[in-house]
Amino acid sequence: MSLDVYQGESLAIVGESGSGKSVFVKCTMGLLDANGRIDSGSILYDGQDLTRFQTDKDWLKIRGREIAMVFQDPMTSLNPLKTIGKQIQEAVELHQGLKGAAAKKAVLEVLSDVGIDNPERRYKQYPHEFSGGMRQRVVIAIAVACRPKILICDEPTTALDVTIQAQILELIKAMQKKYNLTTIYITHDLGVVANVADRIAVMYAGDIVEIGKCDEVFYDPKHPYTWALLSSLPQLGVKNEPLYAIQGTPPNLFHEVRGDAFAPRNPKALKIDFVERPPFFAVSPTHKARTWLLDPRAPKVEPPEHIRTLREKGVNRIV
């Protein structure tokens, strides 16, 4: 796969569990599991190829300081034996070079920035004294305290209820504006990113199958997998009728995938989908999709009714 990220943008990478989203961003942070490795390709950041980094000392120049990550489970991201203030202060001291009173002042400021009231008192408390939404704010505070240029948010709202989800997304938008961040959202839910992403990359079986501006992907999707993801939005359900579900499961990537990886789950698949991997077809200068349906020789296939509903009613009123 190949993907460009532009300074100051909000990019969302969406796809089911198992599509490769988290593994992809872990590569950019040097956080692959022990049985994972990068054996080809490059990850270019600010003139450096991150695939060449071998030691934690190399990664310390990038991880946190240039690229920071907010993980999906705030409870396992925080040390239950350390106060909230001390955990944020570690990031401040390591990446901002502040010590003592100056470091504590910076911690109190960032706690206030992420919407935590009474930061002086909260500084001394432990993670178990915070709700799930408050813990996620602390995790965001730790990432922002590193003063990164890129903030990766890996399923930042998964463990939270709908009301808190909206608050966390608004908080990340506010942090992006205040600290001039480039943000990358990783999620399986297209609805989550409808109002925060500038561009959306749809990922399936370790590859980008469609990418475009937010409105292009929502209002004019071209890949059958994008159709399926959008059709799965609960908000598009009809009372007393079963919710739409994508049949089957993503392929096992230990086995060779022939043709279009989504073909076995695609009721509108063409014969060529099972034989040859489709190239990218340009829909517009900012929108492209990897599907044979865009080949001029392909038969005309209409998107599902749910997609037409999205076009008629508009994303903001649906999500």
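Reader: Is Tyr204 buried or exposed?

Author: In this predicted model, Tyr204 counts as buried, at 3% relative accessibility. Buried means under 20% relative accessible area, exposed over 50%, and partly exposed in between, with a 1.4 Å probe and protein chains only. Residues are numbered from 1 along each chain as its sequence is written. Because the model is predicted, local features need pLDDT of at least 70 and side-chain atom pairs count only at pLDDT 80 or more, while totals for chains, interfaces and linings use all residues; side-chain values use heavy atoms, with hydrogens and water left out.

Reader: How is a pair of aromatic rings described?

Author: Such a pair is described by the distance of the centres and the angle of the planes. Rings of Phe, Tyr and Trp (its six-membered ring) pair if their centres lie within 6.5 Å; planes under 30 degrees apart count as stacked, over 60 as edge-to-face and the rest as tilted. The whole structure holds five aromatic pairs. One of them joins Tyr204 and Phe262 edge-to-face, at 5.3 Å centre to centre and 85 degrees between the planes. Tyr204 lies in strand β7 (residues 199–204) and Phe262 in the loop between α11 (224–231) and β9 (281–284), so the pair ties together parts 58 residues apart in sequence. Helices (H or I, at least four residues) and strands (E, at least two) are DSSP runs, numbered from the N terminus. Phe262 is buried as well, with a relative accessible area of 2%.

Reader: Which residues form a cluster through ring pairs?

Author: Tyr204, Tyr225 and Phe262 are linked in this way.

Reader: How are two packed helices described?

Author: The description uses the angle between their axes and the distance between the axes. Axes are lines fitted to C-alpha atoms, for helices over the stretch in contact, and angles run from 0 to 180 degrees between N-to-C directions. Helix α7 (residues 132–145) and helix α8 (residues 162–179) have axes that come within 11 Å and cross at roughly 15 degrees. α7 is therefore roughly parallel to α8, given that angles under 35 degrees count as roughly parallel, over 145 as roughly antiparallel, 65 to 115 as roughly perpendicular and the rest as oblique.

Reader: Which residues of α7 meet α8?

Author: Gly133, Gln136, Arg137, Ile140 and Val144 in α7 meet residues of α8, among them Ile164, Leu171 and Tyr179. Contact means heavy atoms within 4.5 Å. The contact comprises eight nonpolar residues, three polar and one charged; Ala, Val, Leu, Ile, Met, Phe, Trp, Tyr, Cys and Pro count as nonpolar, Asp, Glu, Lys and Arg as charged, and the others, Gly among them, as polar.
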